[in-house]
Amino acid sequence: MPMEPEVKLEAAKSVKKPLPRAAKILLTHLGLAVGIGLPELLVLLIFGSNCPLYLLTHICCPFCGMTRAHLAALRLDFSAALYYHPVFFLGVPYLFFIFHEPHYFPRIQKIYARVRGIFLPIATVVLLAVYFYRIYTFGVDFFAAT
């Protein structure tokens, strides 16, 4: 009786596939949300305010009122939103452009980089101008004054 050749089965090699681009972006967003949101929530629950600058110095920051303004805008109360922060509509795109590098969008990388390069400096100047106007008009704690 002829002997059959032995068949050696190699252990299946575990090949790690890279995550798809969308999954990487989603995980980045979740990490930012947890990494920023959880400490902010803890500070809010412990100290009653979520602005570290205001907690330490009792001086309102350039983004002071932005959360209240966006919550008012979600309720479609735009007069209250403009009261809390006159340029609240710049907040979301500003944070989007800060946290998203052009290489996240390979198809429109050049256009995105150009728009980002124009938007961020202009929005920064506008936010600081509004901030200094509010300080000049109402003082450093302008929500206590209004």
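Arg 116 touches Phe 97, Ile 98, His 100, Glu 101, Pro 102 and Pro 121, leaving out residues up to four places away in sequence. The model described here is a predicted one. Arg 116 belongs to helix α6, which spans residues 109-138. With a relative accessibility of 16%, Arg 116 counts as buried, because the cut-off for buried is under 20%. A polar atom of the Arg 116 side chain lies 2.5 Å from the backbone oxygen of Phe 97.

**Helix α5**

Phe 97 is part of helix α5, residues 91-99, where Gly 91, Tyr 94 and Phe 97 are buried. These residues cover an arc of only 135 degrees around the axis, so they sit on the same side of α5. The partners of the buried residues of α5 are α3 (66-74) and α6, against which they pack.

**The chain as a whole**

The protein chain contains seven helices and zero strands. Read from the N terminus, the order of elements is α-α-α-α-α-α-α. The chain has 146 residues, of which 22% count as buried. The chain exposes about 11,300 Å², and carbon and sulfur atoms supply 72% of that area. Among contacts with a separation of 6 or more, 45% join residues 24 or more positions apart.

In soluble globular proteins, nonpolar side chains tend to be buried together. Here the largest nonpolar core has 17 residues, and Ala 81, Phe 88, Tyr 94 and Phe 119 have the most contacts inside it. Two or more residues of this core come from each of α3, α4 (78-84), α5 and α6. The element that gives the most is α6, with six residues.

Phe 88 is in contact with Met 66, Ala 69, His 70, Ala 73, Phe 78, Ala 81 and Leu 82, leaving aside neighbours within four places in sequence.

Leu 90 lies in the loop between α4 and α5. Beyond four places in sequence, Leu 90 touches Phe 119, Ala 123 and Val 126. Leu 90 and Ala 123 are 33 residues apart along the chain, yet their C-alpha atoms are separated by 6.9 Å.

**Aromatic pairs**

The count of aromatic pairs comes to eight. In one of them, the planes of Phe 96 and Tyr 112 are at 80 degrees, so the pair is edge-to-face. This pair links distant parts of the chain, with Phe 96 in helix α5 and Tyr 112 in helix α6, 16 residues apart. The pair of Tyr 131 and Phe 132 is tilted, because the planes are at 55 degrees. The table sets out the two pairs.

| Pair | Distance between ring centres | Angle between planes | Class |
|---|---|---|---|
| Phe 96 and Tyr 112 | 6.3 Å | 80 degrees | edge-to-face |
| Tyr 131 and Phe 132 | 5.3 Å | 55 degrees | tilted |

The residues of these pairs can also be described by their accessibility. Phe 96 counts as partly exposed at 34% relative accessibility, whereas Tyr 112 is buried at 7%. Tyr 131 is buried, with a relative accessible area of 10%, whereas Phe 132 is exposed, with 53%.

Phe 96 and Tyr 112 also belong to one aromatic cluster, together with Phe 97 and Phe 119.

Methods. Residues numbered from 1 in each chain as written. Predicted model: local features only at pLDDT ≥ 70, side-chain atom pairs only at ≥ 80, totals over all residues. Heavy atoms only, no water. Helix = DSSP H or I, 4+ residues; strand = E, 2+ residues; numbered from the N terminus. Buried < 20%, exposed > 50% of the residue type's maximum accessible area, 1.4 Å probe, protein only. Polar contact = N/O pair within 3.5 Å; in protein donor to acceptor, adjacent residues only side chain to side chain. Contact = heavy atoms within 4.5 Å. Arc of directions from axis to C-beta. Areas by Shrake-Rupley, 256 points an atom, 1.4 Å probe, with all protein chains shown as cover. Core = buried A, V, L, I, M, F, W, Y, C linked by side-chain atoms within 4.5 Å. Phe/Tyr/Trp six-rings, centres within 6.5 Å; stacked < 30°, edge-to-face > 60°.
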